[in-house]
Amino acid sequence: QAQESQRRRRTLPAHLHCPQSLDFTLFKHYCYSRIPTTTTFGALEMIAAPTRPCIDLLTGSGPTNSLVRTGVLAGLASRVFSFLDCRLPVPVALEEFTIVALLLLIELGVQSRRSSSKARAVLGRGRTKGALAAESAGCSTLASSEKNTLQAHGEASLAKTMPSSLFAECTLVGRLQAAAKIGDLVAAEAIMKQLLSHGFNPGVVSYGSLISAHAKAGNYLAAETWLEALEESGCGSPNAICINMVISACAKQGNIEKAEAWLEKMPQLAVEKDVMSFNAVIDACARIGDVERAEGWLKKMQEEGMPPSVVSYSSVLHACAKAGDATRAEAWLETMLNGVSADNATEPNAICYNAVIHACCKAGLIDRAAHWIEEMTKRGVQPTVNSYSTIIDKLAKGGDTQGAEAWLARMVDAGVEADAVSYNMVLGNHAKSGDIEKATALFEQLSARRVVPNTVCFNLMLSIHARQGDTSSIWRRLREMRRLAVPADIVTYSTAVKAFVKSSDVAGAEMLLQEMNARSLQPDIFIFNAVLATCARARDLERAERWFCRLSEEGVDADAGSFGAMVDVCALVGDVSRAEQWLQRMESHGFRANATTYSILVQAVTKTGDVAFAERLIAKMQAAEIEITSSTYNCLISANAKRGDIEQAEQWLVRMKAAGIQADVASYSSLVHACAKAGNLLQAEKWVKTMEAAGVEANVVTFNSVINACARCGEAVRAEGWLEKMLSKGISPGALTFNSLINACAKAGDVAKAEHWLGAMQNHGVQPDEVSYGTVVHACTMKRDPQRAEAWLEKMRAGGTTTSVKPSAFCYNSVVQAWARAGNAGRASRWLTLALHAEIEGSAASFSAVIAASIRAGNLTEAEGWVQKMIAARLPIPSTGSSSLESLAVAWERRREHARAAAVRKMATELPVASSTRSSNQTGQRASGRTPVRGGGRF
């Protein structure tokens, strides 16, 4: 058995005698389960005998052997990738990675073979008992578990033969390489330190594994540290692969100085520079767009007799593209095509052309980019998605959506399959412009061409639907995402929730959060704030407070936006005290309300008429150095104007200007309106001139206010002058403008002018309303011309007006009282009866006027009948005056109808009566047309 074991060990391949890079169990399994017989090995040796010198040359461990291996591999790789580039463009990064990996694997194999030979020699000689006793206790402990495992599998002979020190070293080296291969740098470094602490001398392969792992991870500092440790270890010089990896790591991190330093240091380490060394430095220059530096290294590469590869040129082209130097990029591509700088022309691949196309697009030369796409097609190089998408992206970002779509179609026609990213470039433009029709058409085109839309595609579509508040389309897109198995992310729902905010759909926003939970996505504070904003827009305070409480339940901390939304919803529902409480709570948590929140709160406070509270809020904003917007100042100006405090309103306008905020048309119009309301025409005109001098153009509201001031003062001529000025500025008057002008003529007693402006309304494209006709009717009654007023009323009832405006209660009221004042009780009674038949509820003023006119005309029975109707309508009867029950009783007594007089007086004692003052006030209200209507309207 011992002889058979020795025979098997002798026939074992050299690289398997020391399991440096293999798991020990696998090593054992290979040795004793799959080793061919001696006859098999003999046959293999006979076959391999003629090629033994070549194999030895390629697998030797000397410098010459390494150079031969590198040359053979470079030649093979060049041929393979040239063949592949003709059919399928291979990225430069993949080419570099493949070559580096192959070189590293070959060097690792050679090193492993050399170490295995040494281990086999030790195994052959064995060790004396004294030598075994000299092994350190740490090594014996380290190897005990592995040897126990070996013995457990019945291989006691090999376990006894292999010394513990050697076994421990082999095991640690294998573990180091395995940890480095999977990227476990912490474990790999720990094993390396363990090797060094036990006095072992790791080889170049072990150091190379660590250097390679750190370089791949982008940690060039650690890679440098271990490379320097390799130099100091004395176990051998680093090879070109190790240094190239460090240079590449420095390049990827943008540390060009370090990369250049290692390249310059290579001769000092007796390591020859190769193409990959230079390419790594050129690539570093390209990454930061340093074209001149990249070109300098390319020229130095040529000066040292090393012809640049396609990778070298593509790196320089990439530098030109990053710098946007299209002229330089085209020159270098021409150099490659013409073969000026090399003995043999270097045929550019798709990556080179794409770099030039990118440079042209960055410089805005779309025509040149198109030229190079045509050129690469002529030379048999298939354009890629990047070739076209670079142009599409440039056109899309420049706002030329039509041109981008044309190039997208051109790419498809050329047989290049467009990906979702290409479509997203155009789709993004439609999303920005909100063009839902074009976006939908493009999305359907994407699906028709069997391009699977990604998450970004759907997010762009959702943003368009959200901008329009189209919640139904939002749900449809989300269902489509589930059907196509497209993953939704937090951006998807952050975009979708905006639609529910815009449409004030609280229930929909809540359903959206439920769907997020179903997809195991945790809503962030932005989404919660959007739900709170939705509640605010819907004025749903109860739901807003419930969602605010849910924030803490979900483990999400409220921010300024959360508290601001609560202040907003309280202000919008008019609960000012609650809004103030939320503001205080917000400040207690260290947050400060923004200008928008304060503006909403000030607006809510001013609506309640609490100007003092609004002024305190403004003072608070100033103390906190929060910018006070023009809308906030306007709220204060308007609030003071509405309560008739012109002086205070003017003071706030002065403070607004002093704060450096430009007063706008709303600021001045509020003051003009306040002056008009107070009937101060001169002051109103002064503020209009002031705003014009400040360069603020008056709008229709401003002119309406000043014309209204003229109307209140009965200045019809001045009102007409302001209308002419309004028209000269190109501002179209509205119904309110003409109604104020007609009212000015009515107060001036100019009925003809009032009727003229009523007829002129349609010439200006304005349709008269019931106020327009009512004001003309009132003008006629003010001139004590009831017949003219009656004619307008008849015209309205008969539909003779151009707009078929039905007469209002105000019109009936005016005509009834006009005939009553004229002493024509019959006509007054007729119009009051017609009003009641039109389901217009009569007012106390109209009934009283008819009753008084009937008493004066001696129609006491009719007067008593109107009293009964007034009582049935539950209207208060005046206690004194010509329309009182006492006046009716006196009239019956004059006719010696004492019984009827007594009955009327008895009626007066049984019914609640109104004072004459109240009656007169009601009469005035009915005349001004401010009485609320019920049914068809009260007059």
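# A conversation about a helical chain

Q: Among contacts between residues at least 6 apart in sequence, what percentage join residues at least 24 apart?
A: The share is 63% of the contacts in the chain between residues at least 6 apart. The model is a predicted one, and the values discussed here are computed from it.

Q: And what is the chain built from, in helices and strands?
A: The chain has 52 helices and two strands.

Q: How many residues are there, and what percentage of them are buried?
A: There are 939 residues in the chain, and buried ones make up 47% of them.

Q: What about the accessible surface of the chain?
A: The accessible surface amounts to about 44500 Å². Carbon and sulfur atoms account for 53% of that surface.

Q: Let us turn to helix pairs. How do the axes of H17 and H18 cross?
A: Helix H17 covers residues 291-303 and helix H18 covers residues 310-323. Their axes come within 9 Å and cross at roughly 165°.

Q: Which residues make the contact?
A: On the H17 side they are Val291, Ala294, Glu295, Leu298, Met301 and Gln302. On the H18 side they are Ser312, Tyr313, Val316, Ala319, Cys320 and Ala323.

Q: How do those residues divide by class?
A: The contact of H17 with H18 consists of nine nonpolar, two polar and one charged residues.

Q: Further along, what is the arrangement of H39 and H40?
A: H39 spans residues 681-693 and H40 spans residues 700-713. The two axes come within 9 Å, with a crossing angle of roughly 160°. H39 and H40 are therefore roughly antiparallel to each other, and H39 passes H40 in a left-handed crossing.

Q: Which residues meet there?
A: From H39, the residues are Leu681, Ala684, Glu685, Val688 and Met691. They meet Thr702, Val706, Ala709, Cys710 and Cys713 of H40. By class, the contact of H39 with H40 holds eight nonpolar residues, one polar and one charged.

Q: What about H41 and H42: at what angle do they cross?
A: The axes of H41 (residues 716-728) and H42 (residues 735-747) cross at roughly 155° and come within 8 Å. That angle makes H41 roughly antiparallel to H42. The crossing of H41 and H42 is left-handed.

Q: Which residues form that contact?
A: H41 contributes Ala716, Ala719, Glu720, Leu723 and Met726, while H42 contributes Thr737, Phe738, Leu741, Ala744 and Cys745. Eight of the residues in the contact of H41 with H42 are nonpolar, one is polar and one is charged.

Q: New topic: what is the phi of Arg539?
A: Arg539 has a positive phi of about 55°, although Arg539 is not a glycine.

Q: Where does Arg539 sit?
A: Arg539 is in the loop that lies between helix H30 (525-537) and helix H31 (541-553). Arg539 is partly exposed, with a relative accessible area of 48%.

Q: And what is the phi of Arg896?
A: Arg896, a residue other than glycine, has a positive phi near 65°. Arg896 lies in the loop between helix H50 (885-894) and helix H51 (898-910).

Q: Is Arg896 buried or exposed?
A: Arg896 counts as exposed because its relative accessibility is 70%, and exposed means over 50%.

Q: What about Thr597, buried or exposed?
A: Thr597 counts as buried, at 4% relative accessibility. Thr597 is found in helix H34, residues 595-607.

Q: Which residues is Thr597 in contact with, leaving aside neighbours within four places in sequence?
A: Thr597 is in contact with Gly564, Val567 and Asp568.

Q: What does Leu836 touch, not counting residues up to four places away?
A: Leu836 touches Gly842, Phe847 and Trp866. Leu836 belongs to helix H47, residues 825-837, and is partly exposed, with a relative accessible area of 31%.

Q: Lastly, where is Ala752?
A: Ala752 is in helix H43, residues 751-760. At 47% relative accessibility, Ala752 counts as partly exposed.

Q: What distance separates the C-alpha atoms of Ala752 and Ala779?
A: Those C-alpha atoms are separated by 9.4 Å, while Ala752 and Ala779 are 27 residues apart along the chain.

Methods
Residues numbered from 1 in each chain as written. Predicted model: local features only at pLDDT ≥ 70, side-chain atom pairs only at ≥ 80, totals over all residues. Heavy atoms only, no water. Helix = DSSP H or I, 4+ residues; strand = E, 2+ residues; numbered from the N terminus. Buried < 20%, exposed > 50% of the residue type's maximum accessible area, 1.4 Å probe, protein only. Contact = heavy atoms within 4.5 Å. Areas by Shrake-Rupley, 256 points an atom, 1.4 Å probe, with all protein chains shown as cover. Axes fitted to C-alpha atoms, helices over the stretch in contact; angles between N-to-C directions. Parallel < 35°, antiparallel > 145°, perpendicular 65-115°, else oblique. Left-handed = near helix turned anticlockwise from the far one by under 90°. Nonpolar A, V, L, I, M, F, W, Y, C, P; charged D, E, K, R; others polar.
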